[in-house]
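Visitor: I would like to learn how to read a protein model step by step. Could you take me through it slowly, giving the general idea before each case?

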Amino acid sequence: MNPDRVPPWLVALIIFFGLATAAGVITFQYFYAESTALVTERQQAEAEVADAREAKDDFASEVDPLNRLLLSRREEIARLERRNQEAAEIIGNSLEPRLREALTQLKVDISSLQQTEDDLTGQAERAMADLEQEEKQYTSRQRENESALRKYREEVDEIKQEIKRRKKAYREELAGIETDIREREKRVQELLNRIDIDADELISDGILLQARVSDGFVFINRGLNHDLRQGTRFVVFNRRAGQNYIKGEIEVVKVYTGMSEARVIEEVDANDPIVAGDHIHNNIYNPHEQKVFVIKGDF
């Protein structure tokens, strides 16, 4: 046997004592924690008991006032119940006869209303019968009126068609007349333009207000108020040393209320241009005489 070797039983004994020591330490720590928790809970319980005792003392001081208040409320309720009982007896003794009387009168009124309702129902039934009869008559008259209305509409349509045909014929006839008038006026103007004008016999029918030589347009003091029409031509002349000198010819292109615009058709002498203040003349135009055209026929 080796003297330096540790016996197994001694190793086992050391291990046993180590385990026992560890178990003891763990058990001690557990019970110490439990005891600490119990001490803490005890302290909290003691504090709560102290608070409860204080609250009990406070409640004890408030119980008597609450009991007195409760007693007064019970007495008030008893007094109100007695008053309600007395009021019920008074109402029963004083109002019951009047209520019965009112009930009797109400029954009478209901009976009267029932009779009135029956009368009104009869009248309504008779009125409904009369209304049905009136509706039948109205329907019959409406049918007759619709038939007459359809007939009138057909006649009106025929008249409208005839009016349209006549209007068309009149328009065509009027267009022909207007065309004939325009051709005649053109012919008259052409004839007038061909007439030799004697400068000594020129009479002023108006004057030039403004002359735009560069544009070839002038403005004259004659317009709608003087019965001037678009397309009218004038001879432009001026008087010098007691004689009339023809300077050119113009044609009206735009007619306004008191004046008109005309274009220069002919200028006799470029050295003697048409200027503002020159006179105009037309053989048949007269600013002081209104011409009336009459169209004869059926319209």
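Visitor: How many salt bridges does the count come to?

Guide: A salt bridge is defined as a side-chain nitrogen of Lys or Arg within 4 Å of a carboxyl oxygen of Asp or Glu, and by this rule the count comes to 10 salt bridges. Before we go on, please keep in mind that this is a predicted model, in which local features need pLDDT of at least 70 and side-chain atom pairs count only at pLDDT 80 or more, while totals for chains, interfaces and linings use all residues. Residues are numbered from 1 along each chain as its sequence is written, and side-chain values use heavy atoms, with hydrogens and water left out.

Visitor: Which elements make up the chain, and in what order do they run?

Guide: Helices (H or I, at least four residues) and strands (E, at least two) are taken from DSSP runs and numbered from the N terminus. Here the chain has 1 helix and 6 strands, and from the N terminus on the order is α-β-β-β-β-β-β. The helix, α1, covers residues 8-194.

Visitor: What share of the residues counts as buried?

Guide: A residue is called buried when its relative accessible area is under 20%, exposed when it is over 50%, and partly exposed in between (1.4 Å probe, protein chains only). Of the 299 residues in this chain, 13% count as buried. The areas themselves come from the Shrake-Rupley method with a 1.4 Å probe, and for residues only the protein chains shown count as cover. The chain exposes about 24400 Å², of which carbon and sulfur atoms supply 55%.

Visitor: Which residue does E76 meet in a salt bridge?

Guide: The side chain of E76 meets that of R79, with N and O 1.5 Å apart. Both residues belong to helix α1, and because they are 3 residues apart there, about one helical turn separates them. E76 is partly exposed, with a relative accessible area of 33%, and R79 is also partly exposed, at 37%.

Visitor: Where do D272 and K247 lie, given that they form a salt bridge?

Guide: The closest N and O atoms of D272 and K247 are 3.5 Å apart. D272 lies in the loop between β5 (260-267) and β6 (279-281), whereas K247 lies in strand β4 (residues 243-255), so the pair ties together parts that are 25 residues apart in sequence. K247 also meets D278 in a salt bridge, at 2.8 Å from N to O. That pair again links distant parts of the chain, since D278 is in the loop between β5 and β6 and K247 in strand β4, 31 residues apart. Both D278 and K247 are buried, the relative accessibility of K247 being 3%. Elsewhere, R233, E249, E251 and R263 are linked in a network of salt bridges.

Visitor: Which residues form the positive surface patch, and which gather in the negative one?

Guide: A patch is made of residues with over 30% relative accessible area and no salt bridge, where like charges are joined within 9 Å and nonpolar side chains (Val, Leu, Ile, Met, Phe, Trp, Tyr) within 5 Å. Lys and Arg count as positive and Asp and Glu as negative, while His and the chain ends are not counted; the place of a charge is taken as NZ of Lys, CZ of Arg, CG of Asp or CD of Glu. The positive patch is formed by K160, K164, K167 and R171, and in it K164, a residue of helix α1, is exposed at 51%.

Visitor: Which residues form the nonpolar patch?

Guide: W9, L10, L13, I14, F16 and F17 form it on the surface, with about 660 Å² of accessible area together. L10 lies in helix α1 and is partly exposed, with a relative accessible area of 30%.

Visitor: Is V218 buried or exposed, and what does V218 touch?

Guide: A contact means heavy atoms within 4.5 Å. V218, in strand β2 (residues 217-220), is buried, with a relative accessible area of 2%. Not counting residues up to four places away in sequence, V218 touches several residues, including L208, I250, A262, V264 and I274. In the chain, among contacts between residues at least 6 apart in sequence, 63% join residues at least 24 apart.
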